[in-house]
Amino acid sequence: MTQRITVIDYGMGNLRSVAKAVEHVAGEGDEVLVTDDPALILTSDRVVFPGQGAARDCMAAISDHHLNKAILQAAHSKPFLGICMGQQVLLDFSEENGGTQLLGLYKGHVHHFPGGIAPDGEAMKIPHMGWNRVHQLSDHPLWHQIPQDSRFYFVHSYYVDPERKDLAAATTDYGVSFASAIAENNLFAVQFHPEKSADAGLQLLKNFVNWKV
Amino acid sequence: MLAKRIIPCLDVDAGRVVKGVKFVDIRDAGDPVEVARRYNEEGADEITFLDITASSDDRETIVHVVEQVASEVFIPLTVGGGIRKADDIRRMLNAGADKVAINTAAVFNPEFVKEATERFGSQCIVVAIDAKQVSAEGEPMRWEIFTHGGRKPTGLDAIEWAKRMSDYGAGEILLTSMDRDGTKIGFDNKLTRAIVEAVPIPVIASGGVGNLDHLVDGVKLGGADAVLAASIFHFAEYSIGEAKQFMQGQGVEVRL
């Protein structure tokens with residue numbers, strides 16, 4: 001069965017890598033579409049919602065592209081994968097840019113990393129950039145065939161802190177233990193970049209493409 | 001905690017890998033796409049391409065190289081060499097690069113780094129620093145920035161320069177010791193340590209790797225967040241997997 005997987009394009013960050021990685025794991029005949037058209041987003045089978053950059057710019061871009069409703073609707077109704085800022089903006093408030101209102105799908109704040117010195121004496125530089133461990137909290141289908149505590153590639157200075165702790169599908173330690181993945185029903189959202197995380201990342205994208213909600 | 005990154009570097013001239021790569025099982029060792037694929041399979045944490053194309057006619061070829069590599073290698077890619085204006089950065093990012101390394105253009109126009117980080121974000125702007133020791137023996141150690149492959153001094157103090165680039169928003173420093181580059185006697189770990197202690201951003205050590213102990217020293221003595229090497233990987237003296245196994249055995253956290 002062929003399907004259409006849509007990557008939401010709202011001008012924040014380079015989506016080529018995300019689209020290429022999804023194409024790489026998609027089934028034969030699957031269509032990977034990069035678009036900002038709300039109608040196409042809502043008629044697609046799966047939605048990938050990436051994002052890069054500052055919170056305020058992301059929210060402004062979502063609004064400029066008239067995507068608020070389509071994103072929330074897709075997040076409620078079909079397999080939905082948020083990546084990086086695409087995870088953060090699902091909460092209701094970010095500390096970034098002196099305080100930014102987000103989409104508000106989930107209650108909770110997006111905080112700046114504390115930095116400082118780790119117990120092993122290493123400086124915790126900000127942004128949190130590089131390969132860190134992702135500790136799976138459940139046997140969610142998107143973790144299928146990904147070994148526990150695999151490393152994924154991160155680049156970010158803020159992290160999500162949802163009020164509902166049961167939303168966390170994985171945690172990562174960087175001075176604080178934060179929800180590097182959240183999941184509920186048809187929605188999965190990650191702080192790391194699966195499209196840049198070699199085999200583990202491709203496996204996660206493959207799991208998403210095959211995910212039967 | 002974050003793993004220390006191992007980054008193989010490929011010099012690319014008019015779309016071909018130069019300085020030779022010797023993998024027995026690669027069909028065309030001059031093809032950057034094949035080499036990048038191989039490094040990815042071995043477990044490279046990132047790949048850096050340094051475009052050393054002299055002729056402007058051939059500059060476009062690196063864009064196609066990046067496009068091809070980014071279509072099948074899903075780890076972070078950095079491109080350096082010839083990044084002089086915002087449009088160069090945009091083209092590389094659109095082609096699939098995750099970061100660009102700015103070197104000479106930063107020296108001649110430091111504001112370019114500020115402009116680039118504001119426009120594209122700190123996470124994709126690496127400042128490449130080529131430094132050479134200028135202090136004599138017995139004097140307090142001092143390094144200066146050199147351009148043109150280490151031939152032209154600029155009078156800029158390497159530590160002050162690194163701090164300035166970090167203040168301008170650079171996301172990372174790619175630090176090459178011009179004294180050690182090509183020598184295979186190890187990184188200048190004192191230089192790395194001095195820069196690491198001066199800036200809050202990650203530092204990639206480069207220049208001088210000849211064996212796996214050197215990689216460990218770059219992290220343990222130099223304090224580097226990542227280590228970059230070319231020839232020890234190109235000539236298959238060591239695979240990246242071997243390097244990582246060795247480093248882990250020496251107590252360095254790596255992604256295996």
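Chain A exposes about 8500 Å², an accessible area from the Shrake-Rupley method with a 1.4 Å probe, where for residues only the protein chains shown count as cover. Carbon and sulfur atoms supply 48% of that area. This is a predicted model, in which local features need pLDDT of at least 70, side-chain atom pairs count only at pLDDT 80 or more, and totals for chains, interfaces and linings use all residues. Residues are numbered from 1 along each chain as its sequence is written, chains are lettered from A and ligands numbered from 1 in the order in which they are written, and side-chain values use heavy atoms, with hydrogens and water left out.

**Overall build of chain A**

- Chain A has 6 helices and 14 strands; these are DSSP runs numbered from the N terminus, helices being H or I of at least four residues and strands E of at least two.
- The radius of gyration is 16 Å, close to the 17 Å of the globule rule for 213 residues, so chain A is as compact as a globular protein of that length. The radius is taken over C-alpha atoms, and the rule is 2.2 Å times the number of residues to the power 0.38.
- The C-alpha trace of chain A spans about 50 × 40 × 30 Å along its principal axes.

**Burial and contacts in chain A**

- Of the 213 residues, 60% count as buried. Buried means under 20% relative accessible area, exposed over 50%, and partly exposed in between (1.4 Å probe, protein chains only).
- Among contacts with a separation of 6 or more, 69% join residues 24 or more positions apart. A contact means heavy atoms within 4.5 Å.

**Where chains A and B meet**

- Chain B brings 34 residues to the contact, and chain A brings 28.
- The two chains bury about 2500 Å² between them, 56% of it on carbon and sulfur atoms. Buried area is the accessible area (1.4 Å probe) that two parts lose on being put together, summed over both.
- M1(B), L2(B) and F74(B) supply 34% of the area that chain B buries against chain A, more than any other three residues.

**Backbone exceptions**

- Most residues other than glycine have a negative phi, and most peptide bonds are trans.
- The peptide bond from I126(A) to P127(A) is cis, with omega near 5 degrees. P127(A) sits in the loop between strand 7 (108–112) and strand 8 (128–133).
- H66(A) is not a glycine, yet has a positive phi of about 55 degrees. H66(A) lies in the loop between helix 3 (55–64) and helix 4 (68–77), and is exposed at 63% relative accessibility.
- D149(A), also not a glycine, has a positive phi of about 65 degrees. D149(A) is partly exposed at 26% relative accessibility.
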